[in-house]
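Good morning, and thank you for joining.

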Amino acid sequence: MTVLTLDSIAVPDLHPDAPLTWRKARLSDIDAVHELIGYWAARGLMLVRSKQLLAETIRDFQLAVAEPHEGRPGGLAGVCGLHMLAPDLAEVRGLAVHPNFQGRGVGRELVAACEREARDLALPALFAWTYQQKFFERCGFERIEKTNLHPKVWSECQRCPFFENCNEIAMYRRLSAVSGQRSVP
Ligand SMILES: CC(C)(COP(=O)(O)OP(=O)(O)OC[C@H]1O[C@@H](n2cnc3c(N)ncnc32)[C@H](O)[C@@H]1OP(=O)(O)O)[C@@H](O)C(=O)NCCC(=O)NCCS
């Protein structure tokens with residue numbers, strides 16, 4: 001497995017009052033998504049994602065894009081992915097908000113966009129690994145014990161460099177009861 005080494009990764013100095021556009025990611029967004037996730041990964045809050053992996057999963061991602069404003073550049077204000085794990089479960093992953101936009105509802109709106117997409121797919125449940133338990137609780141998730149996790153979650157974990165030493169919390173959100181499908185990840 002390739003583990004990427006990060007030094008200091010900088011992000012553009014976006015204006016916190018810049019208007020935002022909400023849209024799905026495109027391949028041309030890979031560099032900006034890589035940079036913003038890398039910014040937080042370098043601070044130990046997220047897993048780094050290679051540009052190759054981002055390209056393979058680019059259709060997972062919802063973005064908040066800030067316009068240029070008052071002489072400051074435009075750029076990526078936030079990103080969040082919805083990744084299918086199984087026919088009855090998807091993971092909210094790769095959630096990162098630009099430091100100048102934290103605490104302004106961007107993270108919640110990105111998770112809500114993933115949730116709308118999940119409901120369109122008739123998914124009964126969402127799952128997330130995180131250190132941000134309180135944030136996910138505010139988004140309607142609840143903590144679940146790792147012993148109750150769907151096997152597919154663990155098969156993904158085995159590819160993670162922190163598999164043997166993982167302190168992330170498992171969060172779960174039921175979307176609806178769908179007959180014949182499992183309801184616990
Ligand atoms: C965690 C993160 C995604 C939250 O996004 P955000 O846009 O700053 O959060 P929001 O403004 O949408 O907050 C929504 C709610 O969660 C709360 N909240 C957000 N971050 C919180 C935190 N770290 N601890 C406690 N509560 C938090 C807010 O106060 C708000 O509460 P409210 O419902 O009472 O208004 C963002 O700060 C971030 O990118 N952090 C660094 C990277 C990271 O940890 N990513 C998560 C990987 S799973």
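Which residues of the largest nonpolar core touch the most other members? Among its 42 residues, they are Val 33, Ala 77, Val 79, Cys 80, Val 92 and Ala 128. Such a core is a set of buried Ala, Val, Leu, Ile, Met, Phe, Trp, Tyr and Cys residues joined through C-beta atoms within 7 Å; buried denotes 20 or more other C-beta atoms within 10 Å of a residue's own, with C-beta atoms placed from the backbone. Two or more residues each come from H1, E2, E3, E4, H3, E5 and strand E7 (169-174), and E4 gives the most, with six. Helices (H or I, at least four residues) and strands (E, at least two) are DSSP runs, numbered from the N terminus.

Two remarks on conventions. This is a predicted model, in which local features need pLDDT of at least 70 and side-chain atom pairs count only at pLDDT 80 or more, while totals for chains, interfaces and linings use all residues. Residues are numbered from 1 along each chain as its sequence is written.

Next, helix H1 (residues 30-41). Its buried residues are Val 33, His 34, Leu 36 and Ile 37. They pack against helix H2 (51-56), strand E2 (61-66), strand E3 (75-86) and E4, contact being C-beta atoms, placed from the backbone, within 7 Å. Leaving aside residues up to four places away in sequence, Val 79 touches Val 33, Leu 36, Phe 61, Leu 63, Gly 94 and Ala 96.

Finally, Leu 89 lies in strand E4 (residues 89-97). Leu 89 counts as buried because it has 24 C-beta neighbours inside 10 Å.

Note on methods
Buried ≥ 20, exposed ≤ 12 C-beta atoms within 10 Å, placed from the backbone. Contact = placed C-beta atoms within 7 Å.
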